[in-house]
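Work through these exercises with the model open. Each has a task and a stepwise solution.

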Amino acid sequence: MAFNNLAENAERLSRRIQESFQERTRDFTRSGQGSYLDANDLDKTVNLSKLLDSTSEREKLDGLKRIIAMISKNRNVSAYFAQVIKNVASPNLEIRKLVYIFLLRYANVEPDLALLSINTFQKDLADSNPLIRAMALRVLSGIPVASIGSIVAAAIRKSAADSSPYVRRTAALAIPKCYNLDTTHLPVLMQTLSTLLKDRSPLAIGSVVIAFNAICPDRLELLHPHYRRLCRMIVDADEWGQVQLLELLTRYARKMLSRPPSESAPDELSDANTEKTSHESHELDPDLELLLTSASPLLKSRNPAVVMAVSRTIYYIAPVKERQKFVLPLLRLLHSSQEVERVTLENLRVIAQASPEMLRPHIPRLYIRSSDRTQVKQVKMRILVALTTPDNAQDMLREFKDYVVDTDDKLVSDAGWAIGQCALKAPDVSSSCLSALTMLIRSSNAYHNTDAAVAAAVLALKSLHQHHTSATGTLNVVASLASHFDNITHPEARACILWMVGQYARASGQGTTPMPESLQAIEPWVPDILRKAVKFFTSDPSTVKLQTLTLAAKAFVLAPNHEQICLLARYVFSLARYDLDYDVRDRARFLSSLLTGVNGGVSGGSGSDEQEVDVQGGVILRAPQVIHVLFEGKVAPRDEDRWRLGVPDLGTASLITGVAMQDDYLRQLPDWPDEGTDSSLRDTQDDTPAPFYHQPSLKLQGFGAEAIGNRSRPASTLATPVVLTPGDTSPASSVPKPGFAKPHYMDLDKFFASDEEEESGSEEEEADEELEAEPQTKPAKVATTAAPNPISVAGGGPATMGGHKTPQSTQETDADDEYTDEESDEEDAFLRRG
């Protein structure tokens with residue numbers, strides 16, 4: 001019987017051990033937590049309801065992980081809301097975290113069921129674990145139900161006074177959520193925010209700044225009593241908190257502090273007025289200097305966002321002479337990653353356009369490499385063009401010539417334009433630039449990207465001659481371009497050549513070859529170029545068609561009696577009248593109406609009756625007026641418009657996206673005030689230095705001075721220092737002796753000298769009294785001492801009298817006793833003086 005019971009117990013124990021082993025080794029069968037995200041695993045038939053309703057915490061955790069994995073794959077699992085939400089009060093922290101994540105995701109789907117868990121969250125706000133308190137507040141503020149706004153505001157206010165900085169940080173992040181939920185709670189949230197602004201924890205201050213920018217970004221006057229403390233906390237805050245603090249304090253400085261000395265707007269540095277600069281030369285505001293001093297060490301941060309934020313702060317609020325120190329940290333970011341490199345280059349482009357003198361010493365670090373991406377090459381090209389000066393034009397021209405042979409079409413186009421800009425900025429090298437562009441067109445077969453290189457050269461020549469070049473040089477260049485018209489296939493290049501041929505078609509009168517009377521007002525190569533353009537009119541793009549019509553109109557008004565030009569003009573206008581592009585049709589209709597008064601117009605009387613009626617109803621211009629319309633009054637476009645001039649502020653996302661971003665208004669800095677606010681508004685108790693009392697140390701001399709000097713005084717005596725000043729008053733603890741007048745001392749040397757004289761005088765008086773008293777009490781000793789007996793010293797031994805050893809005198813023992821009494825008297829006198 002006993003054996004059977006023992007066997008049953010053993011079998012039951014082995015079964016329990018086996019179940020426990022299977023349960024605990026279940027996780028080892030999976031290849032980590034990432035296996036929940038495996039699509040094949042999720043497709044398996046798993047009863048999630050059974051797992052969620054299980055009494056085993058391990059099975060609940062497994063079911064919740066599967067649900068969260070399905071949420072990450074954008075699968076709808078709202079059907080399990082009731083089964084998940086009932087585990088919100090689970091004692092297992094991992095289960096509770098997953099429930100909170102699920103609730104944040106589907107609270108708006110089932111708001112009624114989500115409200116059932118509010119009591120649990122309110123209880124968790126009083127939990128002893130700060131992590132649970134923070135999670136409860138995070139979930140409570142994340143439930144998008146407007147009816148619980150007052151509960152959320154109360155919870156935030158309670159958590160703002162929590163002892164844990166992590167909970168206070170969560171409370172700060174919950175303020176924008178509550179404000180978006182119901183804006184009527186703004187007064188309560190402002191009070192809570194005012195409390196959080198006093199927080200001295202570096203962990204929470206970054207989130208407080210985020211909340212400030214979310215609900216009251218323009219209420220910078222609230223920062224007056226906290227400004228200096230926030231400046232000192234920048235170094236200790238977390239990295240993203242440092243970014244938020246720097247942005248906020250920069251806006252505060254631009255609005256509340258005085259303008260730094262010799263400070264001018266970045267885009268007005270080159271035009272700064274000397275008189276204005278001398279007028280503004282004043283001392284740097286101490287509060288502004290505090291911000292710059294606190295932010296400068298962060299230039300060595302490993303976070304690129306922090307370095308960029310510090311650079312922006314220094315660039316916009318520091319004096320001009322101190323702006324150079326953030327250039328090298330920015331250049332260091334070019335070697336971190338491709339994304340950071342692109343963002344850094346865009347910000348360097350802003351600096352190069354506004355303050356090019358800051359980057360000119362570092363031009364070699366901005367040269368384009370063959371391994372750079374296309375976007376990086378374009379931005380670097382813009383920077384190099386902005387940094388070009390007459391002093392470095394030769395070096396930059398050699399660099400641009402190398403970029404022309406690149407395999408990237410966009411870089412080749414930009415390089416050709418850069419060569420033209422180099423000629424405009426440095427007239428000394430304009431001839432070299434023209435030769436380089438002309439050679440590029442003539443030897444186009446030597447380059448990989450023929451069309452892009454030629455188009456870039458043609459566009460650069462057009463831009464160059466539009467600004468300032470002699471007429472003879474321009475005609476020579478245009479004639480050279482016209483001779484290569486058949487070999488150029490790029491639409492923009494062909495359109496550019498046609499425009500230049502028409503614009504400079506009027507004869508200069510400098511040719512030696514006799515010309516027909518009909519061609520005396522036009523260059524001889526114009527009719528041939530017009531013939532080639534009309535020949536391929538139907539197959540050319542719209543941009544080429546528009547310039548062909550313009551060339552035909554200009555040639556027709558200059559040589560109305562030339563038969564070939566008249567025929568070509570009427571033919572091309574008849575083709576354009578039925579073109580598929582409405583822009584081409586509108587251009588042909590406009591030009592044909594404009595040329596009506598010139599030799600019967602380009603229609604030649606073959607137009608319809610309706611067109612003739614329309615023309616008769618308008619104004620007919622004479623040939624000189626038409627020439628003025630077609631040739632004069634043209635303003636050369638600004639070459640800087642190739643890349644937009646209206647760039648956003650430094651450090652904004654609009655630099656990268658090219659469009660205005662929603663949060664850019666927070667980064668827009670106000671103008672400097674005429675006069676900064678009073679610095680007393682920023683004074684606090686922390687800025688008042690604590691009183692410091694210096695306890696002078698007295699150097700003691702004499703017998704027993706070491707023991708007395710090394711003796712530590714009680715703490716109470718250090719609170720009130722001893723001050724020696726001339727006067728009749730004495731400390732309250734001192735009681736003057738009757739009949740004793742305290743002398744007046746001007747310095748400590750005289751004071752100690754008088755004490756030594758008094759001590760020596762008292763010692764002499766005591767010695768005289770003892771000598772007078774000794775003959776009465778000890779006559780034998782005095783007689784023995786006074787007797788003139790011969791004394792001899794032998795072999796360094798003791799003193800002998802008459803060759804015999806003299807006994808030890810009792811006077812020495814008495815003297816020792818008397819000296820000990822004098823020592824105690826001296827110590828007592830010193831303690832009374834001290």
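**Exercise 1. Find which helices cover the buried residues of H10 in this predicted model.**

Step 1. List the buried residues. In helix H10 (residues 149–159) they are Gly149, Val152, Ala153, Ala155, Ile156 and Ser159.

Step 2. An α-helix has 3.6 residues a turn, so residues three or four places apart point the same way.

Step 3. Look at what lies over them. The cover includes helix H9 (130–142), helix H11 (165–181) and helix H12 (186–196).

**Exercise 2. Describe how H10 packs against H11.**

Step 1. Take the axes. Those of H10 and H11 come within 9 Å and cross at roughly 155 degrees.

Step 2. Classify the angle. Over 145 degrees counts as roughly antiparallel, so H10 is roughly antiparallel to H11.

Step 3. Assign the hand. The crossing of H10 and H11 is left-handed.

Step 4. Name the residues that meet. H10 brings Gly149, Val152, Ala153, Ile156 and Ser159. From H11 come Val167, Arg168, Ala171, Ala174, Ile175, Cys178 and Leu181.

**Exercise 3. Decide whether Ala460 is buried or exposed, and find what it touches.**

Step 1. Ala460 sits in helix H25 (residues 450–467).

Step 2. Apply the cut-off. Buried means under 20% relative accessible area. Ala460 has 1%, so Ala460 is buried.

Step 3. List the contacts. Leaving out residues up to four places away in sequence, Ala460 touches Gly416, Trp417, Gly420 and Leu437.

Step 4. Compare sequence and space for one of these. Gly416 is 44 residues from Ala460 along the chain, yet their C-alpha atoms are separated by 6.0 Å.

**Exercise 4. Which residues touch the most other members of the largest nonpolar core?**

Step 1. Identify the residues. The core has 201 residues, and Leu348 and Phe400 touch the most other members.

Step 2. Find the main contributor. Helix H29 (residues 542–558) gives the most to this core, with ten residues.

Step 3. Inspect Leu348. Beyond residues up to four places away in sequence, Leu348 touches Leu330, Leu331, Leu334, Leu359, Leu366 and Ile383.

Step 4. In soluble globular proteins, nonpolar side chains tend to be buried together.

Notes:
Residues numbered from 1 in each chain as written. Predicted model: local features only at pLDDT ≥ 70, side-chain atom pairs only at ≥ 80, totals over all residues. Heavy atoms only, no water. Helix = DSSP H or I, 4+ residues; strand = E, 2+ residues; numbered from the N terminus. Buried < 20%, exposed > 50% of the residue type's maximum accessible area, 1.4 Å probe, protein only. Contact = heavy atoms within 4.5 Å. Core = buried A, V, L, I, M, F, W, Y, C linked by side-chain atoms within 4.5 Å. Axes fitted to C-alpha atoms, helices over the stretch in contact; angles between N-to-C directions. Parallel < 35°, antiparallel > 145°, perpendicular 65-115°, else oblique. Left-handed = near helix turned anticlockwise from the far one by under 90°.
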